[in-house]
Number of protein chains: 6
Amino acid sequence: MKPLRNVPLRGCAASLELAAEPIVRAALLEDIGHGGDLTTEAIVAADRTAAARIVARASGIVAGLPAASLAFTLLDDRVAISIRIADGERVERDATVAEIAGPARAILTGERTALNLLSRLSGVASATRRLVDLVAGTRAQIVDTRKTTPGLRVLERYAVVCGGGRNHRFGLDGAVLIKDNHLALAGSIRAAIAAARAHAGHMVKIEVEVENLEQLREALAEPIDAVLLDNMTPAQLAEAVREVNGRILTEASGGVTEATVAEIARTGVDVISAGALTHSAPALDFSLEIV
Amino acid sequence: MKPLRNVPLRGCAASLELAAEPIVRAALLEDIGHGGDLTTEAIVAADRTAAARIVARASGIVAGLPAASLAFTLLDDRVAISIRIADGERVERDATVAEIAGPARAILTGERTALNLLSRLSGVASATRRLVDLVAGTRAQIVDTRKTTPGLRVLERYAVVCGGGRNHRFGLDGAVLIKDNHLALAGSIRAAIAAARAHAGHMVKIEVEVENLEQLREALAEPIDAVLLDNMTPAQLAEAVREVNGRILTEASGGVTEATVAEIARTGVDVISAGALTHSAPALDFSLEIV
Amino acid sequence: MKPLRNVPLRGCAASLELAAEPIVRAALLEDIGHGGDLTTEAIVAADRTAAARIVARASGIVAGLPAASLAFTLLDDRVAISIRIADGERVERDATVAEIAGPARAILTGERTALNLLSRLSGVASATRRLVDLVAGTRAQIVDTRKTTPGLRVLERYAVVCGGGRNHRFGLDGAVLIKDNHLALAGSIRAAIAAARAHAGHMVKIEVEVENLEQLREALAEPIDAVLLDNMTPAQLAEAVREVNGRILTEASGGVTEATVAEIARTGVDVISAGALTHSAPALDFSLEIV
Amino acid sequence: MKPLRNVPLRGCAASLELAAEPIVRAALLEDIGHGGDLTTEAIVAADRTAAARIVARASGIVAGLPAASLAFTLLDDRVAISIRIADGERVERDATVAEIAGPARAILTGERTALNLLSRLSGVASATRRLVDLVAGTRAQIVDTRKTTPGLRVLERYAVVCGGGRNHRFGLDGAVLIKDNHLALAGSIRAAIAAARAHAGHMVKIEVEVENLEQLREALAEPIDAVLLDNMTPAQLAEAVREVNGRILTEASGGVTEATVAEIARTGVDVISAGALTHSAPALDFSLEIV
Amino acid sequence: MKPLRNVPLRGCAASLELAAEPIVRAALLEDIGHGGDLTTEAIVAADRTAAARIVARASGIVAGLPAASLAFTLLDDRVAISIRIADGERVERDATVAEIAGPARAILTGERTALNLLSRLSGVASATRRLVDLVAGTRAQIVDTRKTTPGLRVLERYAVVCGGGRNHRFGLDGAVLIKDNHLALAGSIRAAIAAARAHAGHMVKIEVEVENLEQLREALAEPIDAVLLDNMTPAQLAEAVREVNGRILTEASGGVTEATVAEIARTGVDVISAGALTHSAPALDFSLEIV
Amino acid sequence: MKPLRNVPLRGCAASLELAAEPIVRAALLEDIGHGGDLTTEAIVAADRTAAARIVARASGIVAGLPAASLAFTLLDDRVAISIRIADGERVERDATVAEIAGPARAILTGERTALNLLSRLSGVASATRRLVDLVAGTRAQIVDTRKTTPGLRVLERYAVVCGGGRNHRFGLDGAVLIKDNHLALAGSIRAAIAAARAHAGHMVKIEVEVENLEQLREALAEPIDAVLLDNMTPAQLAEAVREVNGRILTEASGGVTEATVAEIARTGVDVISAGALTHSAPALDFSLEIV
């Protein structure tokens, strides 16, 4: 079995652990409240130990096991977790993804927090993998958006990577993305890009959202790094890709579903971004069983 | 139009505002990062004002407008928000739920954080309302579970109420709920209940999860307040309800979907709890348009 | 001697440790300030070790030793504490409750914070035990109230349990308790209870405060779980208990002292709540001696 | 009536408000929990307003009204508080100390937090005033110690000032105080003082605790600012005061009660410190009445 | 005079205010400590008002006035500040940059915190402007580095912009910058770039640090966005610029001082980064005078 | 080599570690951002280990190595640091001050945060030592002021001690220091001192700032502990020292530089305070090299 420390975390590092710890701690405190785990403390003796396993109730892609494990170890660092199916790997229904042993109270008290994190992140990873598999053979990469759960963006982006996707900018400070509302205030695409270039540092990329070919041509006349083709039909996307002709990166967004993603990918866009990966992915069900 | 202060918040009060403020502040900081909103600050002058509206992109139940509004007012308290369709009310596709006016930067910078909150909470409220409507005419109440998004439980429970649902215990300290894993360690239902009663204060209710009639009878022999009938068929549920005969409250859980909930409700259970309300409800899409 | 990890914490668990850590850390920072322990750092070399004992200066019930121990281990995890008289046990004057060994600076710097916690919590436990002993032989349980020290409620409730008492609801979200000020705004007991039942989830108990038999009868006509008999004479309490006749739980409050508690208990009430346990219990004196 | 802003706070200033705000906010969150004020939110409409008064249930010295008021205004800044008897003034039983008006929910939800703070701090102020009155006519000042409630030191020291007392050093970084445990490790009084003088900055005072005249003479041979005469009889204190002869400040501690303080003061000591002011002062009872 | 709200903040926005508030609050608490401003509270009555001005003691570029103003308004929101010389403008010795009026205590207590921020940030802006002026007429931009004061990066980067400079990546998550230590572990420039491209999202720029022309050519063979020419002589820089020939952005770093920057700029590099802007800029002296 | 735990920290103790930890953690999070260390995580495998050394790029006094070491160990507690030249000791250019071994990612990700702290604090210590050396042979002590970096005062004061200096009061609550702005509001020196003595506790020293001999004589007529001789010429200082004649402590401030400090010291003042130690000391350059 793989000890926790050596889990092959995709895109994960010391810095992720630093970010995950306060999230998990806050989630534990949210669940335990001020009054403590009334049921467990009444029924389970403080010195009782137990063994348990975390079992998938559906098949999908695992993501978040190290973060979920913190729910137990923050309560009691004597809990030991052995990971059998690591983040980024596929799990089949009823398979065990981790085995847990240690003080019984910590296992029972941490159970729901751990499962809530694991189920949500694995849901994101599984939704991502479905799109990734559907665009296999094309040049398109599946990427996330800023439509993430408030407070969980760092973990959800990690889950997207576990599912084989890539990350868009983390937030508003990660890159310039000029959207329709900015254009409404800027007057013109040209003016907006000029302002962005005058303001942004030399390490900041600039992307512009366009809704039609006319806007695309206006944007292409300026020095930008990428173009976001929003809510275009596959035919429009294909024409836009031809127009761009490899000079800058092309991103498609809007209406991206499992039903449409393959056709979008075949238009030749470099990147397909899908908000649903993080705002509407159903959880992947896991349960914890005392053994 | 309704000024923000007077929104008829269902289940909402000063205490919810106290809880929501740090959540929204953290979400803003997560999106803005350390570097600030590079695009808006480059393109939009500091003294520019704007008007905008938040428009539903699908029909459903609104929830979270006051919390979402904080995303603007925490950035700049000169932003004014007028709510047209309040939390708990139904919105039709393309209807405007709120109008916003004030400094343009704050509106653009707060947009994504506000929409992320509003979309998620309205998704929860809408999913709840669908179940609530399906059980209309029965005695069953639709309630949430602890399968909530880490960090957002207080808001998601509020959204469930906006959708017409009711709340289960907030967390582990809200009531005793003896589940299968507790029983695995306690030895017997009787011993578990005895320990819980010896430990819990006089204002704490005790509920026991049972999986069959035998366990149900064992539980009914003890002084408890409610029984959780887990993963039973409608036939089993109906028999359990007869067995309980109104002495304590009955709760059904497991396999609750829009396809099954009506039949479950017709068994006569008092409460139906559904984790999917909070762990798998798809977001209700909203957008913000500068006008 | 008992190692810290195995202290038989009554009502205490991983969740209590999670709650106690920030309290003790904040107390240490409050005492140490920004400038550090000027005296110890000047006089005691960094590599000096020492042994010490914590001695009771009066007899009573011990509570808070694990929390107090954190004052040393948060400063230096090499400090070892051996508990001789555990939480919930009686200590006699001049007896040693714990032995400490490790870096001398951490022992001296943590001393006051540790003693402040231990003395206060043991004072609460001792005051509780005095009432508990006085009602021995009756059915009455001694319980706490929300009249606790701001910031220390979780620890003071634990101390009440160490003293043999029980806990009332933790706070405003733990149960419904309709008091006189609510009734002043609700119009009638009946209307207040109806509103509470329509609002509260199925796991929430409802208690109503009454001041006379007329109010009691009005309350008993509604479906509630408990009644708070406030500021009644023993004769009135006895009559109220007869009126209730075991249908719901009865709680007496108001004027509960060591002089009155036995007579109150003999009226047959189930629960006696006393704010003085937490707002006016004198500290139990302890000192730390370098040996 | 005195508006809140103009309360003549003794020893209080903008800096106290800065310190009190997080204490009161944390106390509110502790009481409200995650679930909100179930009773008030069920029974009292969001737009209901009310008037109330805070009434003393015993006579004593008021302290903490501005801090207590924050419990209401942090919940809803529309609550208005008019102070009738300000901090530091005497209140008689059944007198009104403040009148409150505004949204009813905020008044009811904040009630317990406000009263807990006000009762505790007024208890400290009242206990202080009793000692201060008992030493009237002597040179002795009554001062506090570091035996304060964890987390509330800044407020309790303020309450001591409201009661007519003075403040000892705030914490370990406020001055050097060489106590018995330091001497046990330092070898000699002389060595300890030398180390302290070599370490402490020029704005730091040095006090030494002595238990007998021999130690006193040893300390007086070194350049120190004050001497703590610990657990001495009045006769010993008087002799110590003669020995010091005004060269440095003298402080008496140990066994200071209302029964002994006058005799201690008559020995001529400059300062009498009493831990009981903060660790064992009974609360002064207040209640809030809706009018 | 310019009201605070309308100060033309260069690169500053609502998001900066959100970031600055906790920094200023923490700085105030650091200075005020637990015990409060002993001097001001003793000497100045609570209801005393005063007027003051902030005066430059040397000439330079102003930066940080809005942040510094928070030191007063966080203490008492009745303090009014009128800015006469705004951020980014030049101030001459003895000129008044701001006028302040309001409660005297808040002005005196906030003085040092305000001046510490203003002096440091204006020092950074002034040092930046000196370099910017020295490279006038060349294509070179002066940019900051990550060698900032721990905790103040967001403000120091703002000060660099006030001085006419530009910002490098905010931190490790803002862009890829492959430095010598990365190359030591990666084996080759090619392998490092390949790994970075496989890992980074499509909105992330990649820059590589090279120390000689050989490394430069190796880097230029890969698809990167910028090259950091580290510690090269002007002659080497000029040759590197010729080699790059405008294909990617060139950045010079190492040994950048007021004596060398002009010659470096004349080599034709696009960007010159200087750690000394933030780690070694002397403060620009300001004082506050009661008028 | 010296293991970290035994570094002879001058003026440093458990309490400093408690204060440094949140500073270093915040600095790490500031640098790593939400997105993580993109470069290191892409290029360096999670299980890669490395060895490195921290090398001085100029000679000076080391300060802050234990704090800087936290930047590595907070990321990964498997990083081991061996200190070769401890805080307070002199380092020559190109000498190694510490050796580091452990997971390569933590070393690379923590590098800049560690160096930023070490360089700044060593810069402060080195500037202090230069002044201390220049006043050798006189009675004058070099002390810091409150002109420190917001958020870093506790560490910068420690660095001053490492450089051989002493500490002034930590902040506004550490002592009374009556300055010109206080006098402007107090009316007279006499009134100001009287108010301070009436307000401050018995462990608080009182210092008065004077600008000429007339003010000095007025101050000397009152019972104070120290006098701050501000912006006086050496001749004035000498006369002031004669006037004081050892009755109280004398402090010189204003215009203290390496050029003037020796002459100031020869006037016989006890203490010389210099804001430039903390607001304008250039960083001492260090680098980290993978070996």
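Biologist: What makes you say which residue E:Glu251 stands opposite?

Modeller: In this predicted model, E:Glu251 stands opposite E:Val271 in E12(E), and the setting is strand E11 (residues 249–253) and strand E12 (residues 271–273) of chain E, which run parallel and are joined by 3 bridges. Strands here are DSSP runs of E with at least two residues, helices are runs of H or I with at least four, and both are numbered from the N terminus. Two strands pair if DSSP finds at least two bridges between them, so the 3 bridges of E11 and E12 in chain E qualify as a pairing.

Biologist: Why are strand E7 and strand E8 of chain E said to stand at the edges?

Modeller: The open sheet has 6 strands in the order E7-E12-E11-E10-E9-E8 (chain E), with parallel pairing. Strand E7 (141–143) and strand E8 (176–178) of chain E each have a single partner strand, so one side of each is left without a neighbour in the sheet. The twist averages 25° from one strand to the next, where axes are lines fitted to C-alpha atoms, for helices over the stretch in contact, and angles run from 0 to 180 degrees between N-to-C directions.

Biologist: What makes helix H8 of chain E a helix that packs on the sheet?

Modeller: Helix H8 (residues 213–220) of chain E touches strand E9 (206–210) and strand E10 (226–230) of chain E, contact meaning heavy atoms within 4.5 Å. The direction of H8 makes about 160° with that of E9(E).

Biologist: How do you know that the buried residues of H7 in chain D line one face of the helix?

Modeller: The buried residues of helix H7 (residues 189–199) of chain D are D:Ile189, D:Ala192, D:Ile193 and D:Ala196, where buried means under 20% relative accessible area, exposed over 50% and partly exposed in between (1.4 Å probe, protein chains only). Seen down the axis of H7(D), they fall within an arc of 95°, so they line one face; the arc is that of the directions from the helix axis to the C-beta atoms. On the other side of H7(D), D:Arg190 and D:Ala198 are exposed.

Terms used:
Residues are numbered from 1 along each chain as its sequence is written. Chains are lettered from A and ligands numbered from 1 in the order in which they are written. This is a predicted model: local features need pLDDT of at least 70, side-chain atom pairs count only at pLDDT 80 or more; totals for chains, interfaces and linings use all residues. Side-chain values use heavy atoms; hydrogens and water are left out.
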